[in-house]
Structure formats: C-alpha cells, structure tokens
There are 2 protein chains.
Amino acid sequence: MTPRNSVDMRAILDAATEIADSNGMEEVTLASVAKKLGIRSPSLYNHVDGLDGLRRQLALHGLEKLHHALMNAVVGRAGDDAVRALGKAYVEFARSNTGLYQATLRAPDVEDPRLKQAGDNIVHLTMRVLEGFGLKDEEALHVVRGLRSLFHGFASIEQSGGFGLPLDLDESLSRLIDTYIAGIHAMYDCK
Amino acid sequence: MTPRNSVDMRAILDAATEIADSNGMEEVTLASVAKKLGIRSPSLYNHVDGLDGLRRQLALHGLEKLHHALMNAVVGRAGDDAVRALGKAYVEFARSNTGLYQATLRAPDVEDPRLKQAGDNIVHLTMRVLEGFGLKDEEALHVVRGLRSLFHGFASIEQSGGFGLPLDLDESLSRLIDTYIAGIHAMYDCK
DNA sequence: TGCAAAAACTAATAACATTAGTTATATTTA
DNA sequence: TAAATATAACTAATGTTATTAGTTTTTGCA
C-alpha cells in the first residue's frame with residue numbers, strides 16, 4: 001500500500017518549512033517543494049489539497065509547535081513570572097522559526113476547524129497562565145487579547161526588520177512585557 | 001508629452017487600493033490593476049517597476065496616509081489623551097483601509113530609503129506625543145517600540161479575524177492602551 | 001503469483017510577470 | 001501650420017506557476 005518512494009506528510013512539511021525559513025513564505029510553492037523532494041509538483045496533490053492545502057497544513061503545524069513551545073515555557077511558573085516566560089518564548093519561537101511563524105499568520109481560511117482549535121489552545125493556555133491574577137472572566141479575556149497583540153506585534157515588526165534603531169531588542173521586549181504587567185496590577189486590583 | 005489616455009500614478013494607486021481593500025493584497029496583480037484601468041499589463045511598466053515596484057509605491061502611499069491620519073488625531077492633545085488618540089486612529093486606519101494597511105506591511109524592500117523615511121516619520125510623531133511624559137531618551141525609544149507593537153499587533157490580529165470570541169473589540173483596544181499607559185506611569189516615574 | 005490501491009508520472013490548460021520590439025498620439029518646435 | 005520627438009500605449013513571445021485529467025508504476029496483501 002505504500003508505493004514508489006512514497007513521500008509522506010512529514011517530509012512535505014519539513015521541506016516546506018525549510019524553504020519558508022530560508023527564503024520566506026512567498027517562496028513556498030508546489031513547484032519548489034516538489035523540487036526539493038525530488039518529485040513532480042502534480043504528485044503533491046496525492047498528499048495535500050493544492051497550494052492552499054499545503055499552507056493550511058503548514059499553519060496548523062506551526063500553531064501546534066508554537067503551543068508546545070509555550071507550554072514548555074510556563075510549566076512550573078505562575079503569575080508575573082509565567083507571563084514573562086510566555087512572552088519570551090513566543091518571540092523566541094518567531095525568531096527561530098521565521099518561516100513557520102509566517103505560515104501561522106497568512107492562514108488561508110480562518111474558519112478551518114483544526115486551525116481554530118489550534119488557536120484556541122493557545123488562548124486557553126494564556127487564560128490558565130492568568131488564573132493566578134484573580135481577574136474576572138471578562139477582564140481576563142481582554143487581557144488575553146492584549147497579550148496576544150503585544151507578543152504578535154513585537155514578533156511581527158521585529159521579523160520584518162521594522163525596528164530600525166540600534167537599540168537592544170531583548171531589552172525592549174522585557175520592558176514591554178513588564179510595563180504591561182505593571183499596568184494590569186494598576187488597572188485591576190489583583191495579586 | 002502626454003500621449004494616449006495616459007493613465008497616471010494617481011489612477012494606478014487608486015485602482016490598486018480599491019482591489020486591495022475589497023479582495024486583499026494577494027489579488028493586487030499587474031493583470032488585475034491593468035484590467036481595472038482598461039489597459040494591458042505591460043503598459044504598467046511605463047509607470048511602475050514591475051509588481052514589486054507597484055507594491056512599494058502602494059506601501060509608501062499607505063504609510064503617508066497613515067502618518068497623516070495619526071497627525072490629525074493628535075493635534076491639540078497631550079499626554080495620556082494623545083496616546084489614546086494615537087492608538088485609536090491607528091486601528092481605525094487599519095479598519096477602514098484594510099488593503100492599504102496590508103500594503104504597508106508586506107513591503108518588498110525594507111531598505112528602500114523612501115519607505116524608511118515614511119516609517120521614521122511615524123516613529124518621530126510617536127516620540128513627540130511622548131514628550132510630555134518626561135521620559136529619558138532611551139526609555140522613550142523603548143516605549144515607542146512598545147506602542148508600535150501594541151497597535152500593530154491589535155490591528156493585525158483583528159484584521160485577520162483572529163479575535164474569535166464575542167467580546168467587544170473597541171473595549172479590548174481601550175483597555176489595552178489604558179493598561180499600557182498605566183504601566184508606563186508605574187514603571188517610569190513620570191507625569 | 002496476481003490484484004488492488006496508492007502514489008508517482010506525463011500532458012495540457014490557464015493565469016501571471018516580464019522582456020523586446022512596434023505603433024500611435026500629444027506636445028513641442030521649426 | 002507642419003514636422004519632430006518623446007511618451008505611453010500596444011502586440012508577441014517566453015518562462016513560471018497551479019491545476020486537472022488521464023496513465024503508469026509499484027507495493028502490500030490475498
């Protein structure tokens with residue numbers, strides 16, 4: 001049941017990730033991925049639903065890997081410390097997986113249930129990190145949105161080379177997170 | 001010196017903006033823009049340096065328009081109030097110019113001096129808005145990065161439909177900005 | 001050993017960007 | 001007013017890509 005050289009999804013995602021990391025997401029085409037795998041591009045349709053399907057798979061893979069990295073960063077931590085760890089892990093993921101991180105953004109279809117689920121997992125993780133703050137439910141949801149905006153905004157601008165000035169980036173990130181955390185304590189009377 | 005129907009840059013940018021706003025930046029092609037203008041796509045090379053050139057022009061136009069909108073929002077304001085106005089104007093711009101805002105991101109070349117200049121103008125404006133806070137120079141630069149991350153992150157996630165939950169978006173934005181401002185006051189002892 | 005399914009293949013089409021070379025037109029100039 | 005020139009349109013052609021249809025090959029199982 002497994003004919004020819006039989007490229008599998010794993011190999012496809014690896015090849016696409018490698019191309020995305022080194023040349024950017026625009027260079028991830030069925031042609032370039034097929035070439036790297038040593039097959040012809042129509043053969044990819046046996047594994048993936050066209051270019052959009054490949055992008056979806058890549059986005060999904062990226063979100064799962066990101067979730068895993070974030071989980072790993074916050075185990076054994078709580079409160080301010082956990083939020084700081086979350087932010088640094090997020091940005092670090094974007095830095096060391098530039099292509100995959102790009103893939104998680106330009107998702108072709110926001111309504112895809114698997115993508116939605118993967119996104120929700122990250123939101124839930126963030127909610128749990130905030131549990132120790134003793135925020136009301138709705139407050140916590142707004143704060144989750146705030147943290148996502150912060151992390152994604154920083155990672156995205158950094159990746160596109162938008163921070164031009166010669167000023168330490170890690171220092172900027174630390175201050176950004178600390179400032180927002182200080183704001184939470186000031187705005188909502190919580191631990 | 002002005003032969004034929006003579007499409008000009010203004011018309012090209014208008015057409016491209018319209019396509020980007022209604023169908024997204026991926027749909028902005030030389031073919032689609034030419035079609036809307038009633039000319040053949042090779043004719044566009046008389047005005048623009050290929051597809052990348054068109055994207056550059058569009059990014060530049062978007063940044064200038066964004067800068068203008070931000071300027072307009074902060075005149076006559078100072079301190080916290082000015083920062084709030086800046087954030088709301090930024091997000092409002094992204095909302096009502098979805099295509100143009102996308103164009104300001106996927107800039108083909110970060111090194112383009114005109115794009116750099118346009119970006120610097122926005123950074124400078126933000127610096128001036130922060131003047132009233134009495135921050136040290138380096139502190140102010142970190143805060144500018146923070147605000148950019150905040151604003152862009154929120155606008156970007158909102159635009160991609162990433163905020164799934166049924167929770168008021170303007171409320172989230174207000175709280176995000178207010179929380180960060182409160183953080184500034186807590187972290188740096190300033191007015 | 002043969003059969004069926006899976007995954008490769010080739011061939012063909014359509015959309016796009018881009019280059020080269022040509023034509024038409026509007027302004028300028030003689 | 002008429003010719004010259006510059007500008008911006010055009011057509012034709014090439015190469016890349018995604019995608020579909022139909023074919024062949026190979027592998028695992030009966």
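When I say that two residues touch, or are in contact, I mean heavy atoms within 4.5 Å. Keep that in mind for the first residue I want to show you. And one caveat before we go on: this is a predicted model.

Okay, Leu169(A). You'll find Leu169(A) in helix 8 of chain A, residues 169-187. Is Leu169(A) buried, exposed or partly exposed? With a relative accessible area of 28%, Leu169(A) comes out as partly exposed. Now, what does Leu169(A) touch, if we leave out residues up to four places away in sequence? From chain A we get Arg95(A), Phe154(A), Glu158(A) and Phe163(A), and from the other chain there's Arg145(B). For a sense of scale, take Val110(A): Leu169(A) and Val110(A) are separated by 59 residues in sequence, and their C-alpha atoms sit 31 Å apart.

On the accessibility side, Glu158(A) is buried at 15% relative accessible area, while Arg95(A) is partly exposed at 29%.

Let me pick out a couple more. In chain A, the side chains of Asp112(A) and Arg114(A) meet in one, at 3.6 Å from N to O. Asp112(A) counts as buried, at 9% relative accessibility, and Arg114(A) is partly exposed at 40%. Over in chain B, Arg10(B) and Asp14(B) form another, at 3.5 Å from N to O. Those two are both in helix 1 of chain B, residues 9-23, and they're four residues apart, about one turn of the helix. Here Arg10(B) is exposed, with a relative accessible area of 54%, and Asp14(B) is partly exposed at 34%.

On to the aromatics. The search over the whole structure turns up six aromatic pairs over all chains. The one I'd look at is Tyr90(A) with Tyr101(A), an edge-to-face pair with 5.8 Å centre to centre and 80° between the planes. Tyr90(A) is in helix 4, residues 79-96, and Tyr101(A) is in helix 5, residues 98-105, so the pair connects distant parts of the chain, 11 residues apart. Both Tyr90(A) and Tyr101(A) are buried.

Tyr90(A) has another partner, Phe151(A), and this pair is tilted: 5.8 Å centre to centre, with 40° between the planes. Again the pair links distant parts of the chain, with Tyr90(A) in helix 4 and Phe151(A) in helix 7, residues 137-159, 61 residues apart. Tyr90(A) counts as buried because its relative accessible area is 12%, under the 20% cut-off. Phe151(A), at 4%, is buried as well. Put together, Tyr90(A), Tyr101(A) and Phe151(A) form one aromatic cluster.

A quick stop at a helix in chain B. Helix 3 of chain B runs over residues 50-74, and at 1.5 Å a residue its 25 residues should span 36 Å. The end C-alpha atoms are 37 Å apart, which agrees. Just after helix 3, Gly76(B) takes a positive phi of about 80°.

Last topic, how the chains go together. Chain B can be laid on chain A by a turn of 180° and a shift of 0.0 Å along the axis, with an RMSD of 0.0 Å. That's the relation of a two-fold axis. Which residues meet? The contact takes 37 residues from chain A and 37 residues from chain B. Since 100% of the interface residues of chain B are also interface residues in chain A, the copies meet through the same surface. Between them the chains bury about 3,300 Å², with 66% of that on carbon and sulfur atoms.

And how many salt bridges cross the interface of chain B and chain A? Zero, by this rule.

Technical notes: Residues are numbered from 1 along each chain as its sequence is written. Chains are lettered from A and ligands numbered from 1 in the order in which they are written. This is a predicted model: local features need pLDDT of at least 70, side-chain atom pairs count only at pLDDT 80 or more; totals for chains, interfaces and linings use all residues. Side-chain values use heavy atoms; hydrogens and water are left out. Rings of Phe, Tyr and Trp (its six-membered ring) pair if their centres lie within 6.5 Å; planes under 30 degrees apart count as stacked, over 60 as edge-to-face and the rest as tilted. Buried means under 20% relative accessible area, exposed over 50%, partly exposed in between (1.4 Å probe, protein chains only). Copies are superposed by least squares on the C-alpha atoms of residues with pLDDT of at least 70 in both. The expected span of a helix is 1.5 Å times one less than its number of residues. Buried area is the accessible area (1.4 Å probe) that two parts lose on being put together, summed over both. A salt bridge is a side-chain nitrogen of Lys or Arg within 4 Å of a carboxyl oxygen of Asp or Glu.
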